[in-house]
Number of protein chains: 2
Amino acid sequence: MAAPSTDRLGFLLSFRGELTSARIRAALGVAGLHPRNVMTLMRLAPGAMSQRELAAAMEIDPSQLVAVLNELESEGLAERRRDPADRRRHIVEITEAGAAVLGRVDAAVGEAERELFGDLTEAEQALLRSLLDRVVVDAADHDCGGAE
Amino acid sequence: MAAPSTDRLGFLLSFRGELTSARIRAALGVAGLHPRNVMTLMRLAPGAMSQRELAAAMEIDPSQLVAVLNELESEGLAERRRDPADRRRHIVEITEAGAAVLGRVDAAVGEAERELFGDLTEAEQALLRSLLDRVVVDAADHDCGGAE
DNA sequence: TATTGTTATACTCTATAACTATA
DNA sequence: TATAGTTATAGAGTATAACAATA
């Protein structure tokens, strides 16, 4: 849906964020993976963890994570193995192939950022970052009814 | 899904945009309407137009607009009438009640923006706006496959 | 035959709850 | 009984195609 009153800063930030998000998602898809699967690999890159921990870190429901890991595992990009200490748990780990994919993705995201922010100097990019960091987005509950 | 590498400016802008969008949508819902319906009223505020024009302006499919207008009309916030010059067309118009709703919404959005950007001075808000305006988001086609 | 608005259908996402196997 | 992971189901949202009325 196109912007109706981009003269409001809130709308401007929302719409630019959405378009930026679309460009980044396209970059994440460079290896033919779903962006969500790539985000999962990114989470796993620093180290292995249980599915429950991974779901919590990504703020998604554990049941949604199942399909993601099925796909990643079938493509050889991540592995699940039982935790010997507690056989209910799965330890999830990124594979070498998964890490290699992340390398390609990182290059594509870098390219996307050069396109997105290429008209800004390094200093201006740093300034934009610091201003965005000061936007207050701590989700106080502002649900006002809505929908029908 | 939470941020995996907010150290990249593209991710930061995406995630701040998403959270800002959520806060703005909550404000749009202040009158109990679906945000999409409020956006439609905003488009109609400057003047009446046909459904086809309205759909084009909002960049949505005409068929999706039908349900929105049904709801707005049943709530007395907008009206459809046949164009006498071309009886295929519907002229869509906001009502006084619809304009009144927009007044309440505008106040709520103003409040949301004060929360979001209250830590920034007026000058900093203007700076943020000008930097966002220079982010390049003209959708060149970057579809790289993705999904499965 | 082309266009406007409408309806119907299908596909994706997401949220939730029920189920299994372990503890 | 409680927890980790899985499966199944339902709902919202969206995209597409077929349709009726009018040009």
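A polar contact is taken here as a pair of N or O atoms within 3.5 Å, and in this predicted model a polar side-chain atom of H34(A) lies 3.5 Å from a phosphate oxygen of DNA strand C.

In total, DNA strand C is surrounded by 17 residues, of which the closest are R88(A), Q51(B), R52(B), S63(B) and H90(B). Of the atoms of DNA strand C that come within 4 Å of the protein, 68% belong to sugar and phosphate. Divided by class, the surface near DNA strand C holds 2 nonpolar, 7 polar and 8 charged residues.

For DNA strand D, the surrounding residues number 17, and the closest are Q51(A), R52(A), S63(A), H90(A) and R87(B). Sugar and phosphate make up 69% of the atoms of DNA strand D that come within 4 Å of the protein. Individual phosphate contacts are made through both backbone and side-chain atoms: a backbone N or O atom of R52(A) lies 2.6 Å from a phosphate oxygen of DNA strand D, a polar backbone atom of R87(B) is 2.9 Å from a phosphate oxygen of DNA strand D, and a polar side-chain atom of H34(B) lies 3.1 Å from a phosphate oxygen of DNA strand D. Two or more residues of the surface near DNA strand D come from each of helix 3 (51-58), helix 4 (62-74) and strand 3 (86-94) of chain A, and from each of helix 4 (62-74) and strand 3 (86-94) of chain B. By class, the residues of the surface near DNA strand D comprise 2 nonpolar, 7 polar and 8 charged.

Contacts between the protein chains were examined next. The axes of helix 6 (residues 122-133) of chain A and helix 6 (residues 122-133) of chain B come within 10 Å and cross at roughly 125 degrees, so helix 6 of chain A is oblique to helix 6 of chain B. The crossing of helix 6 of chain A and helix 6 of chain B is left-handed. Chain A supplies E124(A), L127(A), L128(A), L131(A) and L132(A) of helix 6 to this contact, and chain B supplies E124(B), L127(B), L128(B), L131(B) and L132(B) of helix 6. The residues of the contact of helix 6 of chain A with helix 6 of chain B comprise 8 nonpolar, no polar and 2 charged.

A further contact between the chains joins helix 5 (residues 96-117) of chain A to helix 1 (residues 9-28) of chain B, with axes that come within 9 Å and cross at roughly 70 degrees; helix 5 of chain A is therefore roughly perpendicular to helix 1 of chain B. The residues in contact are V109(A), E113(A) and F117(A) of helix 5 of chain A and L9(B), G10(B), F11(B) and L13(B) of helix 1 of chain B, and by class they divide into 5 nonpolar, 1 polar and 1 charged.

Within chain B, helix 2 (residues 35-44) packs against helix 4 at an angle of about 85 degrees, with the two axes 10 Å apart, so that helix 2 of chain B is roughly perpendicular to helix 4 of chain B. This contact is formed by R36(B), N37(B), T40(B) and L41(B) of helix 2 of chain B and by L65(B), V68(B), L69(B), E71(B) and L72(B) of helix 4 of chain B. The contact of helix 2 of chain B with helix 4 of chain B has 5 nonpolar, 2 polar and 2 charged residues.

Technical notes: Residues numbered from 1 in each chain as written. Chains lettered and ligands numbered in written order. Predicted model: local features only at pLDDT ≥ 70, side-chain atom pairs only at ≥ 80, totals over all residues. Heavy atoms only, no water. Axes fitted to C-alpha atoms, helices over the stretch in contact; angles between N-to-C directions. Helix = DSSP H or I, 4+ residues; strand = E, 2+ residues; numbered from the N terminus. Parallel < 35°, antiparallel > 145°, perpendicular 65-115°, else oblique. Left-handed = near helix turned anticlockwise from the far one by under 90°. Contact = heavy atoms within 4.5 Å. Nonpolar A, V, L, I, M, F, W, Y, C, P; charged D, E, K, R; others polar. Near = heavy atom within 4 Å. Polar contact = N/O pair within 3.5 Å; in protein donor to acceptor, adjacent residues only side chain to side chain.
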